[in-house]
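Q: Could you take me through this model step by step, giving the general idea behind each feature before turning to the case at hand?

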Amino acid sequence: MHDLGRAFATALRLIASGDAELLGIVWLSLSVSLTATLVALVILAANALLGLPPVVVGLAVYLLLSRSGPLGSFGLLFTPSAMIFAQIVLMTPIVVALTHRFADGLWEQYGGALMVDGASAARSVLTILAIGKASLLTVFLAAFGRAISEVGAIIVVGGNIRGYTRTMTTAIALETSKGDLSLALGLGLVLIALSVTVNAVAFRLARSWVI
């Protein structure tokens with residue numbers, strides 16, 4: 001009982017004096033736990049935003065970039081930069097959610113061993129991504145396919161201005177509504193050819209990496 005009381009008193013002195021080792025351990029515990037929690041929240045938010053309608057994203061970005069919006073002073077509305085911004089907002093949940101799905105399984109297999117070998121958290125993550133590079137390529141394809149076929153968000157923030165913000169998808173929508181099916185079909189064929197080419201190249205790369 002005497003030893004327990006002495007240990008308790010020593011513990012209180014360490015806390016009161018701000019012992020460097022004690023504070024270091026506490027800080028590391030807090031930083032690790034807070035980082036893990038924040039990452040988990042980002043992943044949760046990304047999964048929740050996967051089904052967000054593109055036109056709603058476009059509206060949100062429009063409000064941000066409009067003259068009365070918080071980013072209105074930059075003059076980005078109805079420019080390619082606004083379209084890129086909207087697509088980033090749309091693609092990020094897809095990339096985060098899909099990357100987490102494959103990386104989580106790889107971490108269960110290799111994460112512990114990497115940490116035991118002395119690898120830092122950043123190096124461990126990079127190693128996991130390198131191991132899963134074929135899956136990472138699939139994530140890229142999913143995001144690219146979603147981006148290049150996007151209409152709703154980019155037409156809201158880009159305005160579909162001829163020669164400036166008109167993309168293949170927005171032009172197809174416009175020309176079809178005008179009844180100019182030749183141009184719409186031509187753009188559609190180019191869009192399909194691009195998608196097939198990108199997928200074919202990615203498939204070859206993925207096979208070579210797996211082998």
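A: Let us begin with the terms for accessibility: a residue is called buried under 20% relative accessible area, exposed over 50%, and partly exposed in between. Please keep in mind throughout that this is a predicted model. As a case, Asn199 has a relative accessible area of 40% and is therefore partly exposed; its place is in helix H9.

Q: Is Arg207, which lies in helix H9, buried or partly exposed?

A: Arg207 is partly exposed, because its relative accessible area of 48% falls between the two cut-offs of 20% and 50%. Helix H9 covers residues 181-210.

Q: What secondary structure does the protein have, and in which pattern does it follow along the sequence?

A: The protein comes to 9 helices and 0 strands, so that, read from one end of the sequence to the other, the pattern is α-α-α-α-α-α-α-α-α. The radius of gyration is 25 Å, whereas the globule rule gives 17 Å for 211 residues, and because the value is well over that of the rule, the protein is more spread out than a compact globule. Along the principal axes, the C-alpha trace spans about 95 × 55 × 25 Å.

Q: How much of the protein is buried, and how much accessible surface does the protein have?

A: Buried residues account for 25% of the 211 residues. The accessible surface comes to about 13700 Å², and carbon and sulfur atoms hold 71% of it. As for charge, the protein has 12 positive and 9 negative charges, whose mean positions are 13 Å apart.

Q: Which residues have the most contacts inside the largest nonpolar core?

A: A nonpolar core is a set of buried nonpolar residues joined through side-chain atoms within 4.5 Å. The largest one here has 15 residues, and those with the most contacts inside it are Val61, Leu65, Ala86, Leu90, Met91 and Val157. At least two residues of this core come from each of helix H3 (54-65), helix H4 (80-116), helix H6 (133-148) and helix H7 (152-158). H4 gives the most, with 6 residues. There is also a second, separate core of 7 residues, which includes Ala103, Leu106, Ala119 and Val139.

Q: Which residues is Met91 in contact with, once its neighbours within four places in sequence are left aside?

A: Met91 is in contact with Ala143, Arg146 and Ala147. For the protein as a whole, among contacts between residues at least 6 apart in sequence, 60% join residues at least 24 apart.

Q: What can be said of the buried residues in helix H8?

A: The general idea concerns helix geometry: an α-helix has 3.6 residues a turn, so residues three or four places apart point the same way. In helix H8, residues 168-178, the buried ones are Thr169, Thr170, Ala171 and Glu175. Glu175 counts as buried because its relative accessibility is 5%, which is under the 20% cut-off. Not counting residues up to four places away in sequence, Glu175 touches Arg166, Asp180, Leu183 and Ala184. Just after H8, Gly179 takes a positive phi of about 90 degrees.

Q: Which phi values do Phe78 and Asn160 have?

A: Most residues other than glycine have a negative phi. Phe78, however, has a positive phi near 60 degrees, and Phe78 is found in the loop between H3 and H4. Asn160 likewise has a positive phi, of about 55 degrees, although it is not a glycine; Asn160 is found in the loop between H7 and H8. As to accessibility, Phe78 is partly exposed, with a relative accessible area of 34%, whereas Asn160, at 11% relative accessibility, counts as buried.

Q: How many residues apart along the chain are Arg207 and Ala134, and what separates their C-alpha atoms?

A: Arg207 and Ala134 are 73 residues apart along the chain, and their C-alpha atoms are separated by 8.1 Å. Asn199 and Ala147 are 52 residues apart along the chain, with their C-alpha atoms separated by 14 Å. Ala60 and Gly112 are also 52 residues apart along the chain, and their C-alpha atoms are separated by 41 Å. Ala60 lies in helix H3 and, at 41% relative accessibility, counts as partly exposed.

Key. Residues numbered from 1 in each chain as written. Predicted model: local features only at pLDDT ≥ 70, side-chain atom pairs only at ≥ 80, totals over all residues. Heavy atoms only, no water. Helix = DSSP H or I, 4+ residues; strand = E, 2+ residues; numbered from the N terminus. Rg over C-alpha atoms; globule rule 2.2 N^0.38 Å. Buried < 20%, exposed > 50% of the residue type's maximum accessible area, 1.4 Å probe, protein only. Contact = heavy atoms within 4.5 Å. Areas by Shrake-Rupley, 256 points an atom, 1.4 Å probe, with all protein chains shown as cover. Lys, Arg positive; Asp, Glu negative; His and termini not counted. Charge placed at Lys NZ, Arg CZ, Asp CG, Glu CD.
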